[in-house]
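Q: Got a model open here. Can you walk me through it?

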Amino acid sequence: MIFLAIETSCDETSLALFDDRRIVFHSTYSQIKHHKIYKGVVPEIASRLHSEKISVLIKKAELNNIRNIDIVGFTRGPGLKGSLLVGKIAAMTIGEFFGAKVIGINHLEGHLLACDIVGDKIEDVLEFPLICLIVSGGHTELWYCSSYGKYKVIGKTRDDACGESFDKVARMLGFNYPGGPYIEKASLKVKKTDINFTVPDVVDSLDYSFSGIKTQVMYFLRNIKRIDNKLRNEVSFAFQKAVCESLVKKLDIAREKFNVKNIAICGGVSANNYLRNLIVNKFRDCKIFFPQLKYTSDNAAMIGVCIFRRFQKGVFKNSLEISDRLPIRNWV
Ligand SMILES: Nc1ncnc2c1ncn2[C@@H]1O[C@H](COP(=O)(O)OP(=O)(O)OP(=O)(O)O)[C@@H](O)[C@H]1O
Ligand SMILES: [Mg+2]
């Protein structure tokens, strides 16, 4: 079975071609350098770049040399509408050309199923039931997953996404966009600090909140005349520590409440090593699943895994409508 996956939800244009479980082509064009000067993604620029780069990737994949494609899958949400639309149009056009089935995929399911990519192959890595923590630039959600295609949201952020809070605090500290990797790198230079931010908490709930800690950092920095590198590193460290502790706290409650021994952490922030170590050390009696680092941020290979799992179960009923706030739904 040959299938093509297309990802254009935000600021990465990505294409992946699979021959059954094997990735035979995967290429991602990152738009970061175009958005960096604005310290965030500009939707209009994003969709324009997707429409330029998607054809470059199609050419690079040499689809004209392929005799058959059985399924074309694309991210239909959540994401930026104009960006999603480019992926959908490409998928419909290629699908029509090859007489392939076209299916719409939820981007966040892609982040989770990225854990199943080992080397350049889809393997049966994830074990169910599991609790999944999605920590990305636009989302922070806890899911209870009973199998592929059966997902229940059990907690989510009430305001900012976790990655968004990393990006905003990084901006306050004068770091570039996206800020997460800069904060992690700066934190590595700190052994100990007196700076202490309150761990964000939404009491009696599995929900998260990250806008408060952002304000804490803002107030802390307001009275400081000159932010030097030492301070920048220490604030990064204290912020990262508080945010990661908050992530782990709810994860722990969820794991206990649902009596689950499998945990998956995915999305851009799951690249953070401090968070990875915290989780591995805290949940020694659990199996922990992370995507390979290169599959933590947006990519089409993770969308390919979603296509593959649907193919395995023979489930292709799926809306092709794009939706910027697409909720996760069961598909089995
Ligand atoms: N090492 C890191 N530590 C902390 N945060 C990180 C790290 N690496 C990346 N991030 C953060 O991950 C986010 C990007 O993740 P991702 O690409 O999954 O998000 P997105 O696709 O924009 O949003 P979504 O998936 O919710 O639609 C950014 O906010 C970035 O700062
Ligand atoms: Mg993403």
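A: Start with the contact between two helices. S165, K168, V169 and M172 in α5 meet I213, K214, V217, M218 and L221 in α7. Contact means C-beta atoms, placed from the backbone, within 7 Å. Helices (H or I, at least four residues) and strands (E, at least two) are DSSP runs, numbered from the N terminus.

Q: What classes do the residues of the contact of α5 with α7 divide into?
A: Six are nonpolar, one is polar and two are charged. Ala, Val, Leu, Ile, Met, Phe, Trp, Tyr, Cys and Pro count as nonpolar, Asp, Glu, Lys and Arg as charged, and the others, Gly among them, as polar.

Q: At what angle do α5 and α7 pack?
A: About 5 degrees, with the axes 10 Å apart. Axes are lines fitted to C-alpha atoms, for helices over the stretch in contact, and angles run from 0 to 180 degrees between N-to-C directions. α5 and α7 are therefore roughly parallel (under 35 degrees) to each other.

Q: Before I go on, what kind of model is this?
A: It is a predicted model: local features need pLDDT of at least 70, side-chain atom pairs count only at pLDDT 80 or more, and totals for chains, interfaces and linings use all residues. Residues are numbered from 1 along each chain as its sequence is written, while chains are lettered from A and ligands numbered from 1 in the order in which they are written.

Q: New topic, ligand 1. How many residues surround it?
A: 25 residues, and the closest are G137, G138, G163, G180 and G268. Near means a C-beta atom, placed from the backbone, within 6 Å.

Q: Which elements give two or more residues to that shell?
A: α4 (107-113), α5 (162-172) and α6 (180-187). By class, the shell has seven nonpolar, 15 polar and three charged residues.

Q: Which domains does the shell draw on?
A: Domain 1 (2-119 + 294-313) and domain 2 (130-291), with at least three residues from each. The bounds come from an automatic or database domain assignment.

Q: How far apart are the domain centres?
A: 27 Å, taken over C-alpha atoms.

Q: In what sense do β9 and β10 pair?
A: Antiparallel, over six bridges. W143 has V153 in β10 as its bridge partner.

Key. Pairing = 2+ DSSP bridges. Parallel < 35°, antiparallel > 145°, perpendicular 65-115°, else oblique.
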